[in-house]
Amino acid sequence: MPEIVLHALPPSHPCMTAEAALKLKGIAYERIDFTPGEHVARMAELYGEGNTTVPGVLIDGEPVHGSRRILARLEQLQPAPPLYPEETADAVREAERWGDEELQDLGRRLPWGALHFRPEAVGTFGGAGPLDPAGTDFAIRMARATWKYHGITAQRLAHDLAGLPAKLDRVDALVGDGTIGGGTPNAADLQIGATIRVLLTVGDLVPLLSDRPVEELARRWFPGYPGEIPAGAYPAGWVPSR
Ligand SMILES: N[C@@H](CCC(=O)N[C@@H](CS)C(=O)NCC(=O)O)C(=O)O
């Protein structure tokens, strides 16, 4: 096996996807976590201009950037167990694409959307308790910068929340038709499951997510993930009822 280095940011869900694939395939790797901010220059240096997001992996020095490219490359390196099982490969690829292009951003916008209203909860994502007042001042500045960076606005947040039930129904349907949720995770399980696992940290979303296939899938493939934003963060009426 070649030497593999995974470059990541600690709370990143696409990094969880890439790392879960490495573990699933039993591939040895070293994980290097950048600090947010520092990652931009370091990733561009390693993966080329414009490739500033995580995850990236270096495979004997060969740069592979982005969770989907990484999973496809790992499949070539070590075909078993398959991330794209032959009999469902097309459906898995389409579900993986959807999970990346249409669901993954919610794993950034919805938690950060809620943290704007409950900044002290930023501390829970580092595995600690809620922040003290000085820490909360810092978190308020961080949440403002993050809203700007990810283009989060109150209108966009309300729109994301309104559209969430249909997306969750789609995930349940993928479990129902056997595209995901089998005995061994495939690429779409890992892509979709990581985003849903992050959403489970948002107390306001728990009623929408709990006791259904979508929750079971996320907790099965990603049992541990820190972070707890108490319910009641989003303004009243923004979270659709189930
Ligand atoms: N769709 C890409 C997106 C990766 C992505 O946006 N990663 C986030 C972390 S969750 C990131 O690097 N954020 C920092 C930044 O945008 O500079 C993938 O799956 O690899």
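**Exercise 1. Is the crossing of H5 and H6 left-handed or right-handed?**

Solution. Some ground rules come before the steps. The model is predicted, with local features needing pLDDT of at least 70 and side-chain atom pairs counting only at pLDDT 80 or more, while totals for chains, interfaces and linings use all residues. Residues are numbered from 1 along each chain as its sequence is written, and side-chain values use heavy atoms, leaving out hydrogens and water.

Step 1. Find the two elements: H5 covers residues 106-117 and H6 covers residues 133-150. Helices here are DSSP runs of H or I with at least four residues, strands are runs of E with at least two, and numbering starts from the N terminus.

Step 2. Two packed helices are described by the angle between their axes and the distance between the axes. For H5 and H6 the angle is about 145° and the axes lie 9 Å apart. Axes are lines fitted to C-alpha atoms, for helices over the stretch in contact, and angles run from 0 to 180 degrees between N-to-C directions.

Step 3. The crossing of H5 and H6 is left-handed; that is, the near helix is turned anticlockwise from the far one by less than a right angle, whereas clockwise would be right-handed.

Step 4. Now look at who makes the contact (heavy atoms within 4.5 Å). H5 contributes Arg108, Arg109, Trp112, Gly113, Leu115, His116 and Phe117, and H6 contributes Met142, Ala143, Thr146, Trp147 and His150. By class, the contact holds six nonpolar, four polar and two charged residues. Ala, Val, Leu, Ile, Met, Phe, Trp, Tyr, Cys and Pro count as nonpolar, Asp, Glu, Lys and Arg as charged, and the others, Gly among them, as polar.

**Exercise 2. Locate the backbone features in the loops.**

Solution. Step 1. Start with cis peptide bonds. One runs from Val54 to Pro55, with omega near 5°, and Pro55 lies between helix H2 (38-47) and strand S3 (56-59). Another joins Ala80 and Pro81, with omega about -10°; Pro81 is in the loop between helix H3 (67-77) and helix H4 (89-103).

Step 1. Asp60 has phi near 50° and lies in the loop between S3 and strand S4 (62-65). Asp211 has phi of about 55° and lies in the loop between helix H9 (206-209) and helix H10 (213-221).

Step 2. Check the surface: Asp60 counts as exposed at 57% relative accessibility, as does Asp211 at 72%.

Note on methods
Buried means under 20% relative accessible area, exposed over 50%, partly exposed in between (1.4 Å probe, protein chains only).
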